[in-house]
Amino acid sequence: MKSIFLIGFMGSGKSTIGASLAQELQINWTDTDEKMVKDLNKKISDIFNVEGEATFRIYETNTLKNIPIENHVISTGGGIIGKQENVRWMREYGIVIYLHTSFEEIYNRLKNDTSRPLWNKAIDEKQSLYEFRLPLYKNAGHFQINTDGKTISDIVTEILLVIKS
Ligand code: S3P
């Protein structure tokens, strides 16, 4: 089967859901951020601070293109949809699932998170980034799953239904 790419804003559950979905499908799972950290032996925050976001995005695209496009679940970083090149790649070679979560729910989940460089900002900047990206996620996904108020298992079940449809 084609690989499944999970996209969505930071805190939408891409990693947790990806791991669980892969287990359910008995296929491998890769998280683009985790792979990048491992391959480059650098922390995400260090890449942002030392090399800048533009370099991070180059690493991210390279990482994306080095993950198998068959029989794989891929959890992506929240900004992967910022580059058309990435979106084209995912849509052409895989099934793209957008995990939609409201800003309020993301805000609650990530209230105490200081590890993400683009979340570590004033609330109006967080919200602007969220709103700016919403249409990008919607256009990039083949399918949208709303995650607010649902359990991991509910969401995985919904994904299994849409990919089999
Ligand atoms: C980013 C999201 C992060 C990580 C990096 C940039 C973004 O991944 O790739 O901090 O631009 O939204 P998560 O979506 O897994 O938090």
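Biologist: Why is E70 called exposed?

Modeller: The relative accessible area of E70 is 54%, and the label "exposed" needs a value over 50%, while buried means under 20% and partly exposed lies in between (1.4 Å probe, protein chains only). E70 is therefore exposed. One thing to know at the start: this is a predicted model, where local features need pLDDT of at least 70 and side-chain atom pairs count only at pLDDT 80 or more, while totals for chains, interfaces and linings use all residues. Residues are numbered from 1 along each chain as its sequence is written, and side-chain values use heavy atoms, with hydrogens and water left out.

Biologist: What makes N71 partly exposed?

Modeller: N71 has 36% relative accessibility, so it counts as partly exposed. N71 sits in the loop between α4 and β3 and has a positive phi of about 50 degrees, though it is not a glycine. N41 also has a positive phi, about 55 degrees, without being a glycine. N41 belongs to the loop between α2 (32–40) and α3, and a relative accessible area of 69% makes N41 exposed.

Biologist: How do you know that N28 is exposed, and which residues does N28 touch beyond four places in sequence?

Modeller: Its relative accessibility is 52%, so N28 counts as exposed. N28 is part of strand β2, and its contacts beyond four places are A22, N71, H72 and V73.

Biologist: Why are β2 and β5 said to stand at the edges?

Modeller: The open sheet has five strands in the order β2-β3-β1-β4-β5, with parallel pairing. β2 (28–31) and β5 (143–146) each have a single partner strand, so one side of each has no neighbour in the sheet. The twist averages 20 degrees from one strand to the next, taken between axes fitted to C-alpha atoms (for helices, over the stretch in contact), with angles from 0 to 180 degrees between N-to-C directions.

Biologist: Which way do the residues of β3 point?

Modeller: H72 and I74 point one way, V73 and S75 the other, and all are buried. In a regular strand, side chains alternate between the two faces of the sheet.

Biologist: Which strands does α1 lie across?

Modeller: Helix α1 (residues 14–25) lies across β1 (3–7), β2, β3 and β4, at about 175 degrees to β3. α7 packs on the sheet too, touching β1, β4 and β5, and its direction makes about 145 degrees with that of β4.

Biologist: What makes a space a cavity rather than a pocket?

Modeller: On a 1 Å grid over the protein atoms alone, a cavity is a set of points where a 1.4 Å probe fits but cannot get out, whereas a pocket is an open set with protein on both sides within 12 Å along at least five of seven lines; lining residues have an atom within 4 Å of a point. This structure has one cavity of 30 Å³ or more. Its lining includes F9, Y98, H100 and Y137. The largest pocket is lined by 24 residues, with M10, D33, G77, G78 and R116 nearest its centre.

Note on methods
Grid points are joined across faces, edges and corners, and a volume is the space filled by probe spheres set on the points. Two strands pair if DSSP finds at least two bridges between them. Helices (H or I, at least four residues) and strands (E, at least two) are DSSP runs, numbered from the N terminus. Contact means heavy atoms within 4.5 Å.
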